[in-house]
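User: Hi! I am new to protein structures and would like to learn how to read one. Could you walk me through it?

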Amino acid sequence: MAETFNWQEYYQSHRTLKVGERTVRCALGGPNDDSDGNGRTVLLVPGLTSGTSIFGRFAHELHKRGYKTVAMSHDRVDQDCSTDVMEVAESIITGELDGDTDTHLSIAAHLLGAILTVRGLTERPDIEEYIHTLILAAPAGFGGVQFLRGTVESILFELSHRPSTEEIRHTVRDAIRYSIAANIRLRDRINEARHTSVIPQTRELLEKGLPIMALAYPNDRLIHHDPLVEGLTQAGVPVIKTVQPPIYLGRNAHLYYPETVVTNQAANSTAA
């Protein structure tokens, strides 16, 4: 019988990590067995208007394949958030977060989280040397980001495709909390994501030998597929081929089709 995802257990797994003068919320979980992941940890970094809930089902699928997960939330979106990502990564590597050291950490970063992660790894070579694989899911920083209209269309369309009303409730709650934490300056954050390029930093990481791959979704309304793939190609990042379901596949494919996306990710990261 297939294991079902339990939201209550997921939220009970949250811990807080002190970063400077503020705290970062993290959801810890897995693994259910050691079939593929061998107990390695995947750090999940969310994007715009998203918190830890965006990775709930995705993390569940990783647990089933033998991976541990740490889903983080960056409640105050500013330049310092790249520091948040690196501090959480360091706490996993050293064992500060859960008592278990992990020197083969993988990171999956979504949307704005990709900018923060690439920027942070470039600034922290002492962390970068312990990263096993970096996966960029519909990343900002490579082109194709639309402005406010694209964001509104994306949110409204994707809410209509949530698997359940419970999924909608968690997502809306995260979006409201994020907006308040960012002082409702979402326009500024989107504009920043639109004009920021991390192509040079990504090339630098690849030249150091860090395996990087990306997921790009054909029906993404916030980050258009073709210019995104063009930017990733300029950076030298291979794009993982994803199965196109008969229904909508947008920028949050890891929420709607977590099993398909994790299968692709696990196969590629294991081979890296």
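User: Let's start with one residue. Leaving aside neighbours within four places in sequence, which residues is Tyr 10 in contact with?

Analyst: Contact means heavy atoms within 4.5 Å. Beyond those sequence neighbours, Tyr 10 is in contact with Phe 5, Ala 27, Thr 52, Ser 53, Phe 55, Gly 56 and Ala 71. Take Gly 56: this residue is 46 residues from Tyr 10 along the chain, and their C-alpha atoms are separated by 7.0 Å.

User: What should I know about where these values come from?

Analyst: This is a predicted model, where local features need pLDDT of at least 70 and side-chain atom pairs count only at pLDDT 80 or more, while totals for chains, interfaces and linings use all residues. Residues are numbered from 1 along each chain as its sequence is written, and side-chain values use heavy atoms, with hydrogens and water left out.

User: Is Tyr 10 buried or exposed?

Analyst: Buried means under 20% relative accessible area, exposed over 50%, and partly exposed in between (1.4 Å probe, protein chains only). Tyr 10 has a relative accessible area of 7%, so this residue is buried. Of the 272 residues of the protein chain, 56% count as buried.

User: Which helix holds Tyr 10?

Analyst: Helices (H or I, at least four residues) and strands (E, at least two) are DSSP runs, numbered from the N terminus. Tyr 10 sits in helix H1, residues 7-12. The protein chain has 12 helices and 7 strands.

User: How do I read the strands as a sheet?

Analyst: Two strands pair if DSSP finds at least two bridges between them. Here 7 strands form an open sheet with mixed pairing, in the order E1-E2-E4-E3-E5-E6-E7. Its edge strands, E1 (14-19) and E7 (212-215), each pair on one side only. Strand E6 (residues 131-137) runs parallel to E7, and 4 bridges join them. Within this pair, Leu 134 stands opposite Ile 212 in E7.

User: And at what angle do helices H3 and H4 pack?

Analyst: Axes are lines fitted to C-alpha atoms, for helices over the stretch in contact, and angles run from 0 to 180 degrees between N-to-C directions. Helix H3 (residues 81-94) and helix H4 (residues 112-123) pack at about 70 degrees, with their axes 8 Å apart. That makes H3 roughly perpendicular to H4; this word covers 65 to 115 degrees, while under 35 is roughly parallel, over 145 roughly antiparallel and the rest oblique. On the H3 side, the contact is made by Cys 81, Ser 82, Val 85 and Met 86.
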